[in-house]
Amino acid sequence: MGKKMICLLLAAALLSALCACAAEEPAEAPASPDSAGVSPAAPKHETPEPEPEPEPEPVQTTPEMDLTGVNTLETVEFQLLDFFTTQDLLPPMPDGLYTHYAADAGKIYAVASFDVKNTQTAALDADELLSAALVLGETEYPGNCVVVTDGGTDLDNGGWAEVQPLETARIYYLFSVPQDADLESARLCAAGETEARAADVRLSDFVSRRAAFAVGQTFEDAAVLRATVESVSYADTLYPPMPDSYYHYYEAEAGKTYLIVKLAVENRKGSDLKYSDIAGVSCVYDGKYNYSAFAVVEEDGGSDLNGYPGQCVLSPLDSGVVYYLCEMPAEVRGGSVEIALYILGQTYYLTYAPS
């Protein structure tokens with residue numbers, strides 16, 4: 001063979017060996033299903049656990065006020081005595097010169113009357129002891145604090161009237177509300193420094209539970225006085241029952257009349273009793289017109305009258321007669337009048353409509 005032939009044979013043998021090596025090398029196996037014939041699942045994306053909802057804040061509720069008993073807070077004890085309306089708040093025993101509170105035009109006072117005891121060891125102004133608010137619907141009305149002073153003959157602003165330790169004060173809270181306000185669905189709240197009490201109040205409930213008085217009724221405290229309501233009447237002029245040659249009398253102005261409440265009293269104290277300290281009378285006509293009474297005392301066995309009760313006294317165990325005169329328009333004789341008699345620290349009511 002020639003050299004050319006030998007080279008061709010060597011090249012063919014080398015090519016055959018290379019092809020055999022390539023056939024023996026395994027091809028890359030494709031992904032195959034598992035033994036159950038299911039393809040591998042795609043990787044899962046885990047959803048994070050939701051964060052727990054925060055616990056709701058507990059609802060703070062104001063403890064209920066006892067409407068008939070004593071309520072105790074951290075600095076005071078108080079008792080709700082009455083809830084009423086007026087256009088003109090007078091002291092329970094008005095005498096001579098006194099302060100009164102008249103509502104603005106189109107308004108009326110809803111009044112909550114409290115006895116408030118200072119249980120702290122220091123004297124405090126009345127408006128520091130207790131505050132009050134009245135809620136009607138969505139509107140809150142703050143109370144103006146007014147204190148009964150001078151034995152019931154005057155009224156003072158709560159910021160000026162000091163209440164001594166363990167002393168009990170008679171306090172009015174005045175809420176200036178619209179004249180047509182619905183007071184059959186109100187919420188009354190009274191608060192001390194850090195505590196409060198609240199209650200639903202209805203004007204009609206308090207009207208129905210007011211103490212009444214009648215002609216002939218006797219009021220008595222063995223250590224203070226005994227008093228009997230002898231009569232209630234209208235008169236244009238008050239004369240002494242047994243006028244002497246010279247006497248005083250009281251005549252109403254033209255177009256007016258007196259509504260007169262007569263009391264027979266006896267002093268049970270161990271000292272003199274001023275006639276001005278015995279009782280007080282006021283009247284309301286047509287549910288909104290307010291009138292205060294002045295006192296007139298029988299003197300000299302009924303032969304004269306004295307219109308200065310603060311200067312007249314009853315000695316211990318002595319008896320006397322005092323008249324309370326409300327000067328009112330003469331037209332009231334044709335209607336009914338509500339009379340409020342304040343005596344021995346409590347108010348009594350009589351609806352008077354003479355036949």
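Let's start with two strands: β22 is joined by 3 bridges to strand β23 (residues 304-306), and the two run antiparallel. Keep in mind as you look around that this is a predicted model. One of the contacts to find is Glu 299, whose bridge partner in β23 is Asp 304. Together β22 and β23 make a hairpin with 4 residues between them. In that turn sits Asp 300, which has a positive phi of about 55°.

Strand β22 has other partners too. With strand β21 (residues 279-285) it pairs in the antiparallel sense over 4 bridges. Here Val 284 has Asn 290 of β22 as its bridge partner. β21 and β22 also form a hairpin, with 3 residues between them, and Asp 286 in the turn has a positive phi of about 60°. Then there is strand β25 (residues 319-329), which pairs with β22 in the antiparallel sense over 5 bridges. In this pairing, Phe 294 has Leu 325 in β25 as its bridge partner.

Now for the aromatic rings. A pair of aromatic rings is described by the distance of the centres and the angle of the planes. In this model the count comes to 11 aromatic pairs. Among them are Tyr 234 and Tyr 352: their ring centres are 5.6 Å apart and their planes stand at 50°, so the pair is tilted. Tyr 234 belongs to strand β16 (residues 225-235) and Tyr 352 to strand β27 (residues 346-352), so this pair ties together parts that are 118 residues apart in sequence. Are these two residues buried or exposed? Tyr 234 counts as buried because its relative accessibility is 13%, and Tyr 352, at 16%, counts as buried as well.

Tyr 250 lies in strand β18 and Phe 294 in strand β22 (residues 289-299), so the pair ties together parts that are 44 residues apart in sequence. At 32% relative accessibility, Phe 294 counts as partly exposed. Elsewhere, Phe 78, Phe 114 and Tyr 173 form one aromatic cluster. A ring can meet a charge too: the charged end of Arg 210 sits over the ring of Tyr 349, 4.7 Å from its centre.

Next, visit the loop between β17 (237-238) and β18 (250-251), where you will find Tyr 239. Tyr 239 is partly exposed, with a relative accessible area of 44%. With Tyr 247 and Tyr 249, Tyr 239 forms a nonpolar patch on the surface, and together they have about 310 Å² of accessible area. Ser 245 is found in the loop between β17 and β18 too, and it counts as exposed because its relative accessibility is 75%. The C-alpha atom of Ser 245 is separated by 9.7 Å from that of Asp 304, although the two residues are 59 residues apart along the chain.

Let's end with the backbone. Most residues other than glycine have a negative phi. Asp 150, in the loop between β9 (144-149) and β10 (154-157), has a positive phi near 55°. Asp 150 is exposed, with a relative accessible area of 55%. Leu 344 also has a positive phi, about 55°, although it is not a glycine. You can find Leu 344 in the loop between β26 (337-343) and β27, where it is partly exposed at 37% relative accessible area.

Methods:
Residues numbered from 1 in each chain as written. Predicted model: local features only at pLDDT ≥ 70, side-chain atom pairs only at ≥ 80, totals over all residues. Heavy atoms only, no water. Patch = residues over 30% accessible without salt bridge, like charges linked within 9 Å, V, L, I, M, F, W, Y side chains within 5 Å. Areas by Shrake-Rupley, 256 points an atom, 1.4 Å probe, with all protein chains shown as cover. Salt bridge = Lys/Arg side-chain N within 4 Å of Asp/Glu carboxyl O. Buried < 20%, exposed > 50% of the residue type's maximum accessible area, 1.4 Å probe, protein only. Phe/Tyr/Trp six-rings, centres within 6.5 Å; stacked < 30°, edge-to-face > 60°. Lys NZ or Arg CZ within 6 Å of the ring centre and 35° of its normal. Pairing = 2+ DSSP bridges.
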